[in-house]
Amino acid sequence: MIEIIDNSLQFAATLACCLLALAQYLRAQKQAQFLLACFYGCFSLGLLYWTLYLVLYETTPGTFYVSEIVWISSCIFLYLLQYTLASPAEREYRCRAMYIAPALGVAMFAIYCAFDTEVPADLLRCCAMSAIAWNAIRGLGFGGRRRFHIAALCFVCAEYALWASSIGWRGDTLANPYFWIDFALTGILISLLPAAGKGAGA
Amino acid sequence: MTYIENVFACIAAPLVVAALCAGGRHLRTFVFALAGMLSCLLSAYVNTFLAAVLDASALGATAEIAPVVEEVMKILPLLFYLLVFEPEAGEIKAAILVSAVGFATFENVCYLLQNGAENLGFLLIRGFGTGAMHIVCGAIVGHGMVYVWPRGALRAAGTCALLGTAVVFHGVYNLLAACGGRAQYVAYALPLLLIAAGFAARRALPARPGGDK
């Protein structure tokens, strides 16, 4: 029950953010707002799919990779948003701290592989997270749009924490830290809208 | 047993003849309609193969395997068109929509062969719903492609992301349709409502020239 409530809340939040970003895009025609709307839209559709599966069939999808595909798609939209908001100078910028992103990705991949058999999906997840973290750390090092980069970094950390907490599943209760991290993720997702909107000139 | 390749041959034959007679600018429309139908035929083979390999249940095959396979197969003719012919924006949208219509038509024909054609009311609702779903998926990919294709950096990643979005929309539709009862009608209404919302948004907020790149 908690999982359905948690997913429904996150779905409502991301759908509202998608509609807001879409309205901003239709008014101002900025590429960044379009990508932000795509990110939220994709994320909310994925949540809708997962929640409907849970509500209608009382189980979670496990035969094929629809959930993984949609999740990776939303991450690609976020990555493209980061790329679009970065100036050419920022894209060229390098600092040592950026290498934390792939190092963390490799460490998390090793942890997931130890407990999980879905190696291709884990690899994709870690690559997507590393790429977003790489851009966020680079943006923080370069300066400017601080709130957006911090929100993106928090998104990566929350996703890593979610997967780590789902390894030893502690049941569908509030005692399970997974749900608290997911509630925090909802907050982070909402915070991305004003943070990215500012950079996008909304 | 449904011999869908025979059905395909019967539907494709007059289209091929018409395409050859029409020629010129109209040829493309026929080719994409045929490509859509061929994608549907190949999707059926791949779906069956994957369902057998993964030992999938009926729900798994409908709601998880089919959306991925069908959307991937549907995008292949468009990708070929984009990479080889480098068409203009308007042509991209038309190509994917005609391809989606071809796909939906062939899927409807196969459905009729398997389930009969007695209940016209339900078939109309289903026909509009399924048709609209394929159009919405096509529109997601088509409109998105128009946007991402001229922007080199966004091209590959954008295509994957658009494909993922179409897959999950298709997945939600199949999930609801497979459930039966009221959920089935929600599935049929969902793409129609989205198309209506899209038209309403376009009328209410006309695109301003001078947006950024």
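## Chain A: contacts and overall form

In chain A of this predicted model, 72% of the contacts between residues at least 6 apart in sequence join residues at least 24 apart. Chain A is built from 8 helices and 0 strands, so its radius of gyration may be the next thing to look up: it is 17 Å, close to the 17 Å that the globule rule gives for 202 residues, so chain A is as compact as a globular protein of that length.

Along its principal axes, the C-alpha trace of chain A spans about 50 × 40 × 30 Å. Of the 202 residues in chain A, 46% are buried.

## Helix α7 of chain A

Let us follow one helix. Helix α7 of chain A covers residues 146–167, 22 residues in total. From its first C-alpha to its last this helix reaches 32 Å, close to the 32 Å expected at 1.5 Å a residue.

Which residues of α7(A) are buried? They are A:Phe148, A:His149, A:Ala151, A:Ala152, A:Phe155, A:Val156, A:Glu159 and A:Tyr160. As a general point, an α-helix has 3.6 residues a turn, so residues three or four places apart point the same way.

## A stop at A:Ala152

A:Ala152 is found in helix α7 of chain A.

Leaving aside residues up to four places away in sequence, A:Ala152 touches A:Leu78, A:Gln82, A:Ile132 and A:Ala136.

## The nonpolar core

The largest nonpolar core has 117 residues. Those with the most contacts inside this core are A:Phe39, A:Tyr49, A:Phe77, A:Leu81, A:Ile132 and B:Val172. Helix α2 of chain A (residues 31–57) gives the most to the core, with 17 residues.

What does A:Phe39 touch, not counting residues up to four places away in sequence? The list is A:Ser74, A:Phe77, A:Leu78 and A:Leu81. In soluble globular proteins, nonpolar side chains tend to be buried together.

## Chain B

Now for the partner chain. Chain B has 7 helices and 0 strands. The radius of gyration of chain B is 18 Å, close to the 17 Å that the globule rule gives for 213 residues, so chain B is as compact as a globular protein of that length.

The C-alpha trace of chain B spans about 55 × 40 × 35 Å along its principal axes, and 39% of the 213 residues count as buried. Among contacts in chain B between residues at least 6 apart in sequence, 71% join residues at least 24 apart.

## Where the chains meet

How many residues of chain B are in contact with chain A? There are 32, and they meet 30 residues of chain A. On the chain B side, α3 (58–85), α6 (155–179) and α7 (181–204) are the elements that give two or more residues. Of these, α6(B) gives the most, with 14 residues. By class, this side of chain B has 22 nonpolar, 6 polar and 4 charged residues.

## Confidence

The model scores ipTM 0.81 and pTM 0.85. Chain B averages a pLDDT of 84, and 94% of its residues score at least 70. Over residues 209–213 of chain B, pLDDT stays under 50.

How values were computed
Residues are numbered from 1 along each chain as its sequence is written. Chains are lettered from A and ligands numbered from 1 in the order in which they are written. This is a predicted model: local features need pLDDT of at least 70, side-chain atom pairs count only at pLDDT 80 or more; totals for chains, interfaces and linings use all residues. Two residues are in contact if their C-beta atoms, placed from the backbone, lie within 7 Å. Helices (H or I, at least four residues) and strands (E, at least two) are DSSP runs, numbered from the N terminus. Ala, Val, Leu, Ile, Met, Phe, Trp, Tyr, Cys and Pro count as nonpolar, Asp, Glu, Lys and Arg as charged, and the others, Gly among them, as polar. The expected span of a helix is 1.5 Å times one less than its number of residues. A residue is buried if 20 or more other C-beta atoms lie within 10 Å of its own, exposed if 12 or fewer, and partly exposed in between; C-beta atoms are placed from the backbone. The radius of gyration is taken over C-alpha atoms; the globule rule is 2.2 Å times the number of residues to the power 0.38. A nonpolar core is a set of buried Ala, Val, Leu, Ile, Met, Phe, Trp, Tyr and Cys residues joined through C-beta atoms within 7 Å. pLDDT is the predictor's confidence in each residue, from 0 to 100.
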